[in-house]
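Dear colleague,

Please find below the structure I promised to hand over. My notes on what was found in it follow directly after.

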Amino acid sequence: MIDSNLWSWMSPVWVLVTILLLLYVRFVRGGSHLQWVACLVGLFVLAMAFVSPIGVLAGGYLFSAHMVQHLLLLLVVPACIVLSLPRETAERWFQKGPVNQLGKWLAVPMLGWTGGVGAMWFWHVPWLCSAATQHTGLGVVRDVSLVAAGLAFWWPIYAPCDRYRLPPLSGMTYLFSACLGCTLLGIYITFAPLSVCPVFANPVDRLGILTSLYSAGFTPGIDQHVGGLIMWVPPCILYTCAIISLLGRWYSSIDAAPTYATGSSTPSGA
Amino acid sequence: MSTQTVDQLDAPIAQSSWGLLSWVTTVDHKRVGLLYILFAIFFLVVGGLEAVLMRIQLAVPNNTFLSPEFFNQLFTMHGTTMVFLVGMPIFTGFSNFLVPLMIGAKDVAFPRLNAMSFWMLPFGAFLLYFSFLTGSAPDAGWFSYAPLSTKPYNLDTGIDYWILGLVVAGIGSIAGAINIVATVLCLRAPGMSLQRVPLFVWIMLMQAMLILITIPPLNSAIALLCIDRWLEAAFFEPVRGGSALLWQHFFWIFGHPEVYVFALPAFAMISEVIPVFSRKPIYGYAFVAGSSTVILLLSYGVWAHHMFAVGLGTSANIFFSAMTMLIALPTGVKIFNWTATMWGGAIQLTTAMLFAIAFLIQFVIGGLTGIMFAAVPIDWQMTDTYFVVAHFHYVLIGGILFAVFAAIYYWFPKITGHMLDERLGKWQFWLWVIGFNGTFMVQHFLGAMGMPRRVFTYADNPGWATLNAISSYSVIFMVLGTLVLVWNVVKSLIDGEKAGNNPWDAFTLEWATTSPPPTENFTSLPEIKSRRPVWDQTHPDHADWKHSKTPEDRGRRPDRARVCAWAFVISEAIFFALLIIAYVVFNFDQTGDGPSAVNSLNVERTGIFTLFLLSSSLTFMVAERSLRLGRQASFVTWLGITILFGVVFLAGQAWEYTDLLTSGVAIDTNLFASTFFTVTGFHGLHVTGGLVALAIMFALGRKQRVTQAQSKPFGAIGIYWHFVDVVWIVVFATIYLRVYQS
């Protein structure tokens, strides 16, 4: 891991990270400490997804590294971005008609769910998976689409404005079914006898590290095995954590005004 | 809203009578609940006697008291009985009795379905135990591992009875779970928001949901095993290309969540008993409730820790190991909650509370050995030894059965109107503590010394005889304890102290009515403004709502027919998902030269018939809309067209089957044919079922008996019909278009 070959310090992702950070400093007002942390963590993870060995190994060496990168871009980075937006700033942005319309549109749960779960499935169609790894242009399209799909996925759960959020119980169903979706894909990849992403079965050894990877046990079969499990287990744990946060929100929603007269003394159905 | 939906309930019949007929025909949730509990206790005794026989056999080395064959049958039947005929029904029984009372409802959402759910159970039990009369009870373990359970290794009919019994009991369990889900979601009294339900109710809701998703994998596995045994397919026969491992996967996808199907209700009971006898509200309600939800989510992802020794690969083992350790967290959280509830409380050491405290300690021991098994190397060393037996009996008896005893002492006054004798209760408690720990604690050592489980006898190795003797003789204490309980119940029923409405000064709504409750459960309810309405009523100065706010009830109650349909559809979806997974597993790389999807199926022709099925969903929606708007003639016409389209689809399937069979492709030809006929056959059965329901609606509609007022139940049938179509889209994409190979 210390091997300098495995780090890609000159990655163009730094430009993007710098721009995003400047935009956050310039336009976001009133962010709490936690929101700042979310922003910085998100940008750090975004950078590391490309700069660190994860990004380098994902470029044609290890399917499992590709899978880690995939999850960082689809789940972690977008979640941090959404969580970093303070309510007041967001309310101001989303006041205007067309932007509000966009917010509402993103809040349609079917859209976010299909985006989040669909992106995982779509980019693992074998020929597409290989092509996106081999061609830089398609790779960029994939990475951008992953982040966009992730934003759409987290929006109904953590949107900064309450009106875009799903009610907690529906949110839990949304996350649980997403967990089932990635579980099925995880099982498929883990136990599939053929190569899900053929390019990783016969890597081109650009950096001369293939032998050491294989001798460390990362042969293509094991690699795909690990990749499938990464697709399966960490996202479900992440979803479970999100569900716990929704439960917390649900149990503490005591300020909501009662819309129903309590105090009736008849048993239901009497 | 609840008031409207429950008005439709018919009054249960013949309630005042206590004759046998009144019990057989009852649809009252309390009586059905009691039937469940009595049934479970009967089989607890039967399964217990089987265990006693096994312990007699194992009391001394090289014993010949039982034959090896009979010993195999005994441990198989003991496990199957305790899981399906004791564990499942006893909790369904308590849930049936208590949930409607605790949420202030008159009955469950579907009383007749409830009675059916129960009566499936004796039927299933009869099938299972009838196998003894054939001379060959099932003998492949409660998990019926393949290929031991397949025909070449098990020619007798025992496994067939096992299959039939489990399917029948499983149908009852799913129907019962649907009922609990619909009851909690649709029938809560005004004021009782979901955040205010007693923990028992919330956790039993989670358990019912878990049953809905955990029984279908078993049914899928059993369906495949059944086809293997009866129609000579080879899903689980490695010799003919099948996979014995697939059985283990499917079985444990059911089997591990099943552990939580038992553990959750025990948590539910303890969460009611400990606060009442500590005279405090539960510490961290949201944590107990929330962690139960998390258990529901995680329990589905840890099954492979039962398979560490089969060679899944290091990476899979590591991940499942990590997941297993994770699931210990939400369970551990609760232990802290219960302990913190007792902390600083005015603890009353009633028998119920003693059992609850013993539960805490013994369950922690069982839980800790469970975490040991999550570590792969320890599992490799200990698997299939008596350490495993000790571990899960600490969970199932020391934990769960002790919780059931606590529940019996706590709710018996409500159920019968009489108190149980506390002195006898304490005798039972100590006899069980001694007997249980004596029997199972030493089995940890036996396991560590290498004594394998599931063997009918053992050699006289150093120390084994003594430890086994301790284990066997301790059983006597448990038997005596049980006799004390029986005597206590009989004595209480004859001349027990009258209980009154609320003998424990307890908190939840079941204590707001008489003991036993009247048929309609309540004449009036206290105001529900917190989680402890009865406490608020009896201690108005210290009412909970005055100092701690809980989310108000917004009055939303979903339609129970729709809830029922959705719950059923989710359960069925999982059944099909596993069948389709089986298809993909066996058809991944078709290298053989036998029939395959490529050379045997006519994709275009089936595509056309698919269009008919999909169109039937559209015509159904038109029919539904017509009904909602009150256009009767249009409704009947469009419903007729829907049925016609469905029939055309089935005719297409019949055509395809005929072609395949005449060209020599039958279910036993090869694994493609087996999986193809299984998946499409089960789908066809579901279409047929849907068509029967639609035909009934059609006949009633023509007689003007399905009108606008019935549009909601009709819509529920629609959910099922659309589901059948969606399943076909997946089946078509998988089998005919082979998307998984793209």
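Helix α7(B) is largely enclosed by the rest of the structure, because 29 of its 33 residues are buried. This is a predicted model, and the values in this message should be read accordingly. The helix covers residues 199-231 of chain B and reaches 47 Å from its first C-alpha to its last, close to the 48 Å expected at 1.5 Å a residue. Just after α7(B), the backbone of B:E232 takes a positive phi of about 60°. B:E232 lies in the loop between α7 and α8 of chain B. With 15 other C-beta atoms within 10 Å, B:E232 is partly exposed; a residue needs 20 or more such neighbours to count as buried.

The domains of chain B come next. Chain B is divided into domain 1, residues 1-261, and domain 2, residues 563-741. Their C-alpha centres lie 29 Å apart. The contact between them takes 25 residues from domain 1 of chain B and 17 residues from domain 2 of chain B. On the side of domain 1 that touches domain 2, α6 (158-186), α7 and α8 (244-278) of chain B each supply at least two residues. Of these, α7(B) gives the most, with 9 residues. By class, that side of domain 1 has 19 nonpolar, 5 polar and 1 charged residues.

Which residues touch the most other members of the largest nonpolar core? In this core of 309 residues, they are B:V181, B:I270, B:V273, B:F355 and B:A406. Helix α13 of chain B, residues 386-416, gives the most to the core, with 23 residues. Domain 1 and domain 2 of chain B both give residues to this core, so it lies between them. Apart from it lies another core, of 8 residues, including B:L58, B:F71, B:M77 and B:A137. Returning to B:F355, its contacts are B:F402, B:F405, B:A406, B:Y409 and B:F429, not counting residues up to four places away in sequence.

As for chain B as a whole, its secondary structure comes to 23 helices and 0 strands. A compact globule of 742 residues would have a radius of gyration near 27 Å, and chain B agrees with this at 27 Å. Its C-alpha trace spans about 75 × 70 × 50 Å along the principal axes. Of the 742 residues in chain B, 55% are buried. Among contacts in chain B with a separation of 6 or more, 82% are between residues 24 or more positions apart.

Some backbone details of chain B may also be of use to you. The peptide bond from B:A146 to B:P147 is cis, with omega near 0°, and B:P147 lies in the loop between α5 (111-133) and α6 of chain B. The bond from B:S515 to B:P516 is also cis, with omega near -10°. B:P516 lies in the loop between α15 (464-495) and α16 (533-538) of chain B. The loop between α15 and α16 of chain B also holds B:D505, whose phi is near 55°, a positive value in a residue other than glycine. B:D505 counts as partly exposed, with 13 C-beta neighbours inside 10 Å.

Turning to chain A, there are 12 helices and 0 strands. The C-alpha trace of chain A spans about 75 × 50 × 30 Å along its principal axes. Buried residues make up 40% of its 270 residues. Of the contacts in chain A between residues at least 6 apart in sequence, 83% join residues at least 24 apart.

Helix α10 of chain A (residues 168-191) has 24 residues and reaches 34 Å from first C-alpha to last, close to the 34 Å expected at 1.5 Å a residue. Among its buried residues are A:G171, A:M172, A:Y174, A:L175 and A:F191. What do the buried residues of α10(A) pack against? Their partners in chain A are α7 (109-122), α9 (136-158) and α12 (220-251), together with α9 (285-298) and α10 (314-342) of chain B.

Finally, A:T114 is found in helix α7 of chain A. A:T114 is partly exposed, with 17 other C-beta atoms within 10 Å. A:T114 and A:R142 are 28 residues apart in sequence and 16 Å apart in space, C-alpha to C-alpha.

With kind regards

Terms used:
Residues numbered from 1 in each chain as written. Chains lettered and ligands numbered in written order. Predicted model: local features only at pLDDT ≥ 70, side-chain atom pairs only at ≥ 80, totals over all residues. Helix = DSSP H or I, 4+ residues; strand = E, 2+ residues; numbered from the N terminus. Expected span 1.5 Å × (residues − 1). Buried ≥ 20, exposed ≤ 12 C-beta atoms within 10 Å, placed from the backbone. Contact = placed C-beta atoms within 7 Å. Rg over C-alpha atoms; globule rule 2.2 N^0.38 Å. Domains from an automatic or database assignment. Nonpolar A, V, L, I, M, F, W, Y, C, P; charged D, E, K, R; others polar. Core = buried A, V, L, I, M, F, W, Y, C linked by C-beta atoms within 7 Å.
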